[in-house]
Amino acid sequence: MYIKEHKILNKRVKGFTLIELLVVVAILALLAGIVGPQVMKRLGDSKTKAAKIQIEELSSALEMYKIDTNRYPTTEQTLQALVQQPAGVDGWNGPYLRKNFVPQDPWKKNYNYRYPGRNSEYEIYSLGADGAEGGEKENQDVLSWN
């Protein structure tokens, strides 16, 4: 009889009670509530920084394009002129981007391009996460002329 009781007690000691599991789940939920917003803020900041870096790379490619062709692509030719020779453009020596495609911004939208620009010789910009002009934090516009 002692051996049977001892085996039953050992089985009870090995497991967790429902209350212990609920306490662990509550602690994890509290941690997620505190840490989660901070992680999401960093994620938004990193997408904005990635867009700035991509715009700088596109600007460098545009400068190389201008050296070869003596002008920037027109607004109608878009940034696609960096990977595919536009009709009637002499001196094109591309593609000017490492990969043979124009990247999208971190929010999976095409970069906007305008030549001649209103604020600088040419303009490359992303409208941020919301896709609308203006905004703050992750929704802010990322501009080549700032």
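Start by selecting Lys-66: at 29% relative accessibility, this residue counts as partly exposed. Buried means under 20% relative accessible area, exposed means over 50%, and partly exposed lies in between (1.4 Å probe, protein chains only). You are looking at a predicted model, in which local features need pLDDT of at least 70, side-chain atom pairs count only at pLDDT 80 or more, and totals for chains, interfaces and linings use all residues. Residues are numbered from 1 along each chain as its sequence is written, and side-chain values use heavy atoms, with hydrogens and water left out.

**Stop 1: two salt bridges**

A salt bridge here is a side-chain nitrogen of Lys or Arg within 4 Å of a carboxyl oxygen of Asp or Glu. Lys-66 sits in helix 2 and Glu-121 in the loop between strand 1 and strand 2, so the pair ties together parts that are 55 residues apart in sequence. Glu-121 is partly exposed, at 44% relative accessible area.

How many salt bridges does the structure hold? It holds two. For the other pair, select Glu-123 and Arg-114: their closest N and O atoms are 2.5 Å apart. Are these two residues buried or exposed? Glu-123 is buried, at 0% relative accessibility. Arg-114 is buried too, with a relative accessible area of 17%. Side chains of opposite charge can pair when their charged atoms come close.

**Stop 2: the whole chain**

Zoom out and colour by secondary structure. The protein has two helices and three strands. From the N terminus, the order is α-α-β-β-β. Helices (H or I, at least four residues) and strands (E, at least two) are DSSP runs, numbered from the N terminus.

Now show the surface. Accessible areas come from the Shrake-Rupley method with a 1.4 Å probe; for residues, only the protein chains shown count as cover. Of the 146 residues, 25% count as buried.

**Stop 3**

Two strands pair if DSSP finds at least two bridges between them. Pick Tyr-125 next: its bridge partner in strand 3 is Leu-143.

**Stop 3: the core**

Select Leu-62, Leu-79, Leu-82 and Ile-124. These residues have the most contacts inside the largest nonpolar core, which has 21 residues. Helix 2 gives the largest share of this core, six residues. A nonpolar core is a set of buried Ala, Val, Leu, Ile, Met, Phe, Trp, Tyr and Cys residues joined through side-chain atoms within 4.5 Å. In soluble globular proteins, nonpolar side chains tend to be buried together.

Centre on Leu-79. Leaving out residues up to four places away in sequence, Leu-79 touches Leu-58, Leu-62, Val-102, Tyr-111, Tyr-113 and Ile-124. A contact means heavy atoms within 4.5 Å.

Move to Ser-59, which is found in helix 2. Ser-59 is buried, with a relative accessible area of 14%. With the four places on either side in sequence left out, Ser-59 touches Tyr-122, Ile-124 and Ser-144.

**Stop 4: a nonpolar patch**

Select Ile-19, Val-23, Val-24, Ile-27, Leu-28 and Leu-31: they make a nonpolar surface patch of about 570 Å². Patches are made of residues with over 30% relative accessible area and no salt bridge; like charges are joined within 9 Å, and nonpolar side chains (Val, Leu, Ile, Met, Phe, Trp, Tyr) within 5 Å. Ile-27 lies in helix 2 (residues 18-69). Ile-27 is partly exposed, at 47%.

**Stop 5: backbone details in the loops**

Select Gly-94 and Pro-95. A cis peptide bond joins them, with omega about 10°. Pro-95 lies in the loop between helix 2 and strand 1. Next, select Tyr-115 and Pro-116. The peptide bond between them is cis, with omega near 0°. Pro-116 is in the loop between strand 1 and strand 2.

Finish with Asn-70 and Thr-78. Asn-70 is not a glycine, yet has a positive phi of about 70°. Asn-70 is exposed, at 67% relative accessible area. Thr-78, also not a glycine, has a positive phi of about 60°. Thr-78 is partly exposed, at 36%.
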